[in-house]
Amino acid sequence: MSLHLVGYSERGGPHLVATGAEGVVDLPIAGPFAWRASAVRWCTGRWSDAGHVACPTMEVVGDEGQCLPCSGLEHPECVFEPLCQNNPASCLCVGTFKGVEHVVYLAFHGILPKVGMTQARRVERRLREQGADAYFVVQGGLDRPGARLLERSIRLLHKVPEHRNHHETLPQLARPVAWPTILERAAAWRIRLAEHEPGLLATIEDYPVAQPLPARPRRVTSWGLHAGTWLGAKGSHLFYQEAPRAGKLAVGPSIAALKMRDLVGRRIEHSDARADEPA
């Protein structure tokens, strides 16, 4: 049976959402599994009040999971890098974000801080998507261009990155979350950013994965054979313990990390492949 992965949800337990001949299907991120993922990705369509709406043209997509018409974005270049602070007449995405309050936040991935911005109404959701352990709002009540300007200013003045890559964040999942250090560093940062009247620190402690993981996870390609036992999810990654391969000496458990954003959009086939079959 071929399924098209179109999303992910934690409601009722973490699961991938797929579509197939029988409609929308939930694939729990729990227990043993074995399937092959296609090298090509197709648009995931969109969601409406009535449910999932498939892409009418089933566009092949690249880095993004949706084609432009299904995404609903008017001008992606304006959305991700607002250019209308100095020249409002140049704004191309007013229909998407006009009048929407934005905030700038400082998040902690383990003990590593990063600065970011998002819509005020979805700040916690955004931080969950990124896998942050804690965060506080640096300043609210901003429009999107103003939030982007403050985000860049904090990056430049305080040397806080806007992004943390998986080489930095994944190794931390092999250790318990260092809460005392996070609390100490967050307090210091709130003092440094006091002119913005930052909010209180919020923690996110209910990700659907047991931390620490049995071993340091390693990022694997999203396409090809995946076989093993699901361990859970945190932020943008799904984790599973790889099934042992015949002829390969196993020193300890091997933990694979799948980038969820890159997995969604692919077609999967349930596989009866043996664990010793090459990916």
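Predicted model: local features only at pLDDT ≥ 70, side-chain atom pairs only at ≥ 80, totals over all residues.
Let me begin with L238, which, leaving aside residues up to four places away in sequence, touches Y8, L16, I29, W230, G232, A233, A256, A257, L258, M260 and L263, where contact means heavy atoms within 4.5 Å. Residues are numbered from 1 along each chain as its sequence is written, and side-chain values use heavy atoms, with hydrogens and water left out.

L238 also belongs to the largest nonpolar core, which has 20 residues, and L16, W35, W230, L238 and L263 are the ones that touch the most other members. By such a core I mean a set of buried Ala, Val, Leu, Ile, Met, Phe, Trp, Tyr and Cys residues joined through side-chain atoms within 4.5 Å; buried is under 20% relative accessible area, exposed is over 50%, and partly exposed lies in between, using a 1.4 Å probe and protein chains only. Strand 4 (31–42) gives the most to this core, namely three residues. Helices (H or I, at least four residues) and strands (E, at least two) are DSSP runs, numbered from the N terminus.

Now to the cysteines: how many disulfides does the structure hold? There are zero, taking a disulfide as a pair of cysteine sulfur atoms within 2.5 Å. For C43, the nearest cysteine sulfur is that of C67, 3.7 Å away, and C43 counts as buried because its relative accessibility is 0%. The sulfur of C70 also has its closest cysteine sulfur in C67, at 3.7 Å, which is too far for a bond, and C70 is buried as well, with a relative accessible area of 9%.

P69, by contrast, counts as exposed, at 70% relative accessibility, and is found in helix 1, residues 68–71.

Finally, helix 5 (residues 144–158) has 15 residues and should span 21 Å, which agrees with the 21 Å between its end C-alpha atoms; the expected span is 1.5 Å times one less than the number of residues. Its buried residues include R144, R148, E151 and H158. At the start of helix 5, a side-chain oxygen of D143 comes to within 2.7 Å of the backbone nitrogen of G146, and after the helix comes K159, with a positive phi near 60°.

Note on methods. Polar contact = N/O pair within 3.5 Å; in protein donor to acceptor, adjacent residues only side chain to side chain.
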